[in-house]
Every structure is written in C-alpha cells, then in structure tokens.
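Me: Please take a close look at a single part of this structure and describe it in one connected answer.

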Amino acid sequence: MAASSGNRALPPMKHFYRKVLPSSCISFSSEDGKKFFKAAIVEGSMECYFKLAAQFRTQDEPAFCGLSTMVMVLNALDIDPGRIWKGVWRWYHENMLDCCVPLEIVQQQGINFDQFLCVASCNSLKVDATRMQEGVMTVEEFRELIRNYTKRDDAFVVLSYSRPALGQSGEGHFSPVGGYHPGNDLVLILDTARFKYPPHWVRLELIYEAMKEIDQDTGKPRGLMVMTRRKESHPLLLFRLSNNMSLTAPSLFHPALPEFMLKWKTRTDKIPEQTLTIDALAEGAAREMMQTLTEIRDSLTIMTTQLDITCPQDVAEEHECLIQHLILALQQTVIFEKVLDIFKSLPKDKKETLENLFEPSWPSCNGKCQPFNRLKCEHFIAFFILSWPYKAGAAGETTLAHLYDQMFEKELQRISVDVLRNEVQSLKDQLNVLRQYYESNPKGPGPCCKKKRV
C-alpha cells in the first residue's frame, strides 16, 4: 500500500517561560531572600544596590547579558553618552555599544571578557579587571573586594562566570553584583536575563569557583571587573573602526584586511639602519601607511566617524566644543602635517582610493555641520597611524614599530590634550584586539560561532 502523500504536521516549537532556580541559588523575592536583603542593609552592604536597581533592565536579546550589564553600570554612574538615544534624550542603550564588535554579531554570540573591556574603555569607564587564573586572587581577597565595593555607590563589580558551575542552564554570563550578606556569605546577582532567572543570592565561594571556569572562546578563565567613572572629561568619540573590521563575521569581513594588517606589521618590524629624527620618522610612517593602504581595494571603508546623529545641532555644546578641540589638537601633530603634505603630492587615482577608505558617517545637514564637515581623509589617516598598537621587537632590539610608538607617545604628551589622548587610547584598544587576533589567526577568521551567552 502506498504511503500517504499528505503534509506532515510540524512538531511544536520548543519554548520556555522562565526556569526554576537551582538549589544553589536563593530567589531575591523569596522569604529568605527578603530576610537577607533586610539584614544586608543593616550591615551597610547594599549601598551599591540602589543605583543599580534604579537602572535594572531585562536584556533586549538573549545574548546581550554583557551589553545590558554595561548599560546598567553606565547609567548608574550618570555617564552622559553624548549621543541621542531617542527624541531629545541622551541615554545609554544596548544599541549604542557597537564600537568593538558589531551588534549583529553580539546578538548571535555575545561578547567575551576582552571585548567587554574594549567596549567599556570606549564609553568613559575605568575598569580594573581580574581574570581568575590560579593564584591571582584568593577567595579571601575576593570576599574583601565584595565587602568593600558593596558599601559604595560610585563603583560597581561585574562578574563574568560559568552558569553550569551554579547549576544553571546556559554557558558564560555577565552580571553586576547588587549586594552582600556577610553573615551567610552570600552575593546578590542582578541577573539581566530576567526572562530566565530572577535576581538571586548565591554563596560567595560558589561564584568564586564559577569565575575560574575556562571560556572556550578564549581559552582563558573568566573573572571580574571593578567599574568606575573616568575622572577626566571624555567626549563623544569621533573616530571608530568600521564594521568591515569585524573579527567574527565572515559576511562583514573584507578579504583585503588580513593582508593589510600583516603587511603593515611586516614593514614596522624592520630594524632602522640609522637614528632618525621625529620629522623623518613621522614622514616615513605616513608614507608607508598610505602606500600600504593604496594597495588594498578602494571599495573598503576602514575607519569612519561615530557621529551617528542627524546634525551637530543635536549635540550638547560641551561635546561640540570638545570635538572641535580634538580636531584642532590632531592638526597640531607632526604626523598630521606629514600626512597632509604627502596626500597633496599623490596622483588623483591614489587620492580617490584613500578617500574611499575613510569616510564620515553623518548625513548632509545643509552645510551646518561645522566643525564636523571639516574632517577630511587626512584626519582619518593621521589618527589611524597615531592610534596603531605598535609592538616592540625582542628584548634589546629596536624596531621601527618601537620608534613609532615612542614618537607618538611624545606627540601626545607635547599636545597635552586629554580629549585627544582618550580618543587615541580608545581606538588603540580596539586595534589591539584586532592585531592580537591576526597574530594568532594569520589566515583570517573561522566560521562564526553561534554560541549564545545567556
């Protein structure tokens, strides 16, 4: 008898409404949880809770635990992003934290420990990070750290830990610490995946062990970050790497980038034959960089602005002034002068190639975009060279990279402009993540991991 040709019913899609907390965790809203909360307030170990609770949010995506945790901390520390969220309001949201890893990639696989630090650095946060490697921090030292920082509301502790170590489902996770109960040695975890688990108390020694678990993405243990607000002024960042510099998404990855990265590294690994003046070093760096850049495809954007608003009229006056200050400071550097001179001498086709590699990202606003529309290709190239994470050679060996690094450090000291130093350091952090990746993966990225950090 012939088999039926009718359509088969599809199996129902599996879905969940929350999960039951394992026995290792005590729900914050349970009777015991309430008792611990009251006692911890009396002990003074819940000071960190109130500002975090005022900003407590449920992450927008299943893999956004790192970004949502950071948004809570940024808003709890009253840090002005300098960018429009919606309407007239400047306020941090996950979709604004796109500087080190494209959001569509974070949505698929989350961010790891190093990427979290990179994003934090780009957003006015000072981070004291500790990976829980053997012998780095004892459980007693961890207990003392938690005891101290839960009594403050100007600094917050973020934990990167393994969920399975707590008996929970999932893999790696980020959460802020919301308090500490000294009598029972319990830490309050403000879990941003509230659709999955509510906030909960967990034994300090257990969460300590959970941070020592190895992250399979990096091959390193997880850890903790103490996050505070930078004391120096930190404006709206103006420069950033484009999404084409993504490390993780083959769909966004341009095949010319590994070749460019390795070619530039090879050139700066050369040992100089003679002592060079600052002018000669700056000119050499500018000429070599532009030569390398013109050899890659002219359809690739390497660096763009982070100004993603419709018009500078939407930027607070303090940020507009600081950005103008940054541009003027950049123009005072020796490297900008050399880039400008060399750029002017290039043939038309090479100029056009370079102009396609660097571009502003704001739309036209009828000529009212000063000082932003003053940014030219020369500014991007000079800043890119200034921010490169040059790496010295072996001990006792002087390479061009080493000389460049020294020269640009002196340039920043000479200019003595905090806003420029901050901007350079933020991009240098991002480039350093990229450089380390290529040193360990010279053939480029592998398949995009689909693992979710929930």
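Reply:

Ser-160 sits in strand β5, residues 155-162 (strands, E, at least two residues, and helices, H or I, at least four, are DSSP runs numbered from the N terminus). This is a predicted model, in which local features need pLDDT of at least 70, side-chain atom pairs count only at pLDDT 80 or more, and totals for chains, interfaces and linings use all residues. Residues are numbered from 1 along each chain as its sequence is written, and side-chain values use heavy atoms, with hydrogens and water left out.

Ser-160 counts as buried because its relative accessibility is 3% (buried is under 20% relative accessible area, exposed over 50%, partly exposed in between, with a 1.4 Å probe and protein chains only). Leaving aside neighbours within four places in sequence, the contacts of Ser-160 include Phe-113, His-173 and Arg-222 (contact means heavy atoms within 4.5 Å). Arg-222 in turn forms a salt bridge with Asp-215 through their side chains, at 3.8 Å, N to O (a side-chain nitrogen of Lys or Arg within 4 Å of a carboxyl oxygen of Asp or Glu). Both Arg-222 and Asp-215 are buried.

Asp-185 is in the loop between β6 (172-181) and β7 (186-189). With 16% relative accessibility, Asp-185 is buried. Not counting residues up to four places away in sequence, Asp-185 touches Arg-143 and Glu-205, among others. The side chains of Arg-143 and Glu-205 are themselves joined by a salt bridge of 3.7 Å, N to O. Arg-143 belongs to helix α6 (residues 139-149) and Glu-205 to helix α7 (residues 204-211), so the pair ties together parts 62 residues apart in sequence.
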